[in-house]
Each structure stands twice: as structure tokens, then as C-alpha cells.
Amino acid sequence: MNPLYLASGSPRRRELLTQIGVPFSVVSAPIDETPLANESAPTYVERLARAKAAAGLASVDGPAVVLGADTAVVLDGRILGKPENREDALAMLADLSGREHQVLTAVALDDGQRVHSFCVTSKVRFRTISADEAQRYWASGEPADKAGGYAIQGLGAVFVTGLSGSYSAVVGLPLSETADLLGQFGIACWQLPAHTPEVTNLR
């Protein structure tokens, strides 16, 4: 079995892979993430996932399987990337407020002989976000490096009133589909022992 490398700097993706018991190493895979002209959101995220996997593979010596992934928040067909600044983040939150949007996450595996990829679409609904809340959320520092300017697994969870699809995909890695794809490359889940949380006496 070839070793698995994760071509991502995202701590969320590292946590999710660890959650399903898959051993891996992290490799850097910087790429240009600029959308192409008239490129659809599903095509965009899948192209980036494949590009990250290829870039990661190019930096590894010897046989390897590299996982690349990309997540985009989409509203009315418009891709909302990471906010450029405070004003951009506040504008994104205002647009998402009280509405349903899509979160697309693509995953690609590349072993140098074959490349397989897929894209998962989930729907997330936000309650109304006041201007004061948006400013306080920005001040927390959380939105700065998040697609769409929020983190569903973090402080931004308070905005979410509904989700249809894969929660883990919204976080950054659809676990069920990723596990299936890893299996196609001979990489099994549950290789690492499960972590049992400590339990103290509760009264």
C-alpha cells in the first residue's frame, strides 16, 4: 500500500482524516486558485482539487497517493472565496444572511498512474445576521481564512438553521465519499485506534 499524503494546509481536513483512522503525511501544494472565465463552481473546485493533488505528488519522492481537496461557498452561482478584508467579509455575511447557499467540496486522489475525483454539494441555510453580529464575528478572527467568510464547525455555527447534505463536506472533507475513494486506491479506514474521550465522574 502506497503512503497517503494530504496536499492541504487545512487543520480541519487533517482532523477529519484522523477521525476516520487514516494515517497520512502533510505536503505543501501551492497553486493558483483564480477561477477561469465562465468556469462553473463544480468545475472550479474539482479542477483545484486535482491541481493540488498533482502539485503535492510532484513534491514527493517515491510511490505515493496524494489527496487534494477544495471547498467553495456558492450563492446565486457566485463563488464566495476567502474574504480579502473586513469589508469583503461583512459583505459576504450580509449576502448569506437569511438565505440558503451551496457548499461544494471536491476531492481528488492522484498516484501518478490515475487520478480520480468527485464533487459533493450541500445546502446550508442561515438565519438573519445583524450588522453588529457580523462585525463581532469578524473581530473574532475566524472568518479571515474561510471560504464564504464563516466556519460551520466554529463560532459561525450559531448562524446555521439548516443543512442538507454532508456536514463533513461543509467543514472541508466529505468523509463517506472520501473513504470510498481511498478504498479504490487500496487505503483502508480505521487503521489507527479510536480515541476514547476521558470521562470524569458526573454528578
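Predicted model: local features only at pLDDT ≥ 70, side-chain atom pairs only at ≥ 80, totals over all residues.

Visitor: Why is D70 called buried?

Guide: Buried means under 20% relative accessible area. D70 comes in at 4%, so D70 counts as buried.

Visitor: Which residues does D70 touch?

Guide: Leaving out residues up to four places away in sequence, the contacts of D70 include R13, E33, Y44 and K52, along with L104, T105 and A106. D70 itself sits in strand β3.

Visitor: What makes the pair D70 and K52 a polar contact?

Guide: The cut-off for a pair of N or O atoms is 3.5 Å. The side chains of D70 and K52 come to 3.0 Å, so the pair qualifies as a polar contact.

Visitor: Which UniProt annotation covers D70?

Guide: The label there is "active site", and it comes from an unreviewed entry. Such annotations may be inferred rather than shown by experiment.

Visitor: On to helix α1. Which of its residues are buried?

Guide: In α1, residues 11-19, the buried ones are R12, R13, L16 and L17. They span an arc of only 130 degrees around the axis, which puts them on the same side of α1.

Visitor: What do the buried residues of α1 pack against?

Guide: They pack against strands β1 (4-6) and β3 (65-75), plus helices α5 (167-171) and α6 (175-184).

Visitor: And what makes S10 a cap for α1?

Guide: A side-chain oxygen of S10 lies 3.2 Å from the backbone nitrogen of R12, at the N-terminal end of α1. With the limit at 3.5 Å, that distance is within it.

Key. Residues numbered from 1 in each chain as written. Heavy atoms only, no water. Buried < 20%, exposed > 50% of the residue type's maximum accessible area, 1.4 Å probe, protein only. Helix = DSSP H or I, 4+ residues; strand = E, 2+ residues; numbered from the N terminus. Arc of directions from axis to C-beta. Contact = heavy atoms within 4.5 Å. Polar contact = N/O pair within 3.5 Å; in protein donor to acceptor, adjacent residues only side chain to side chain.
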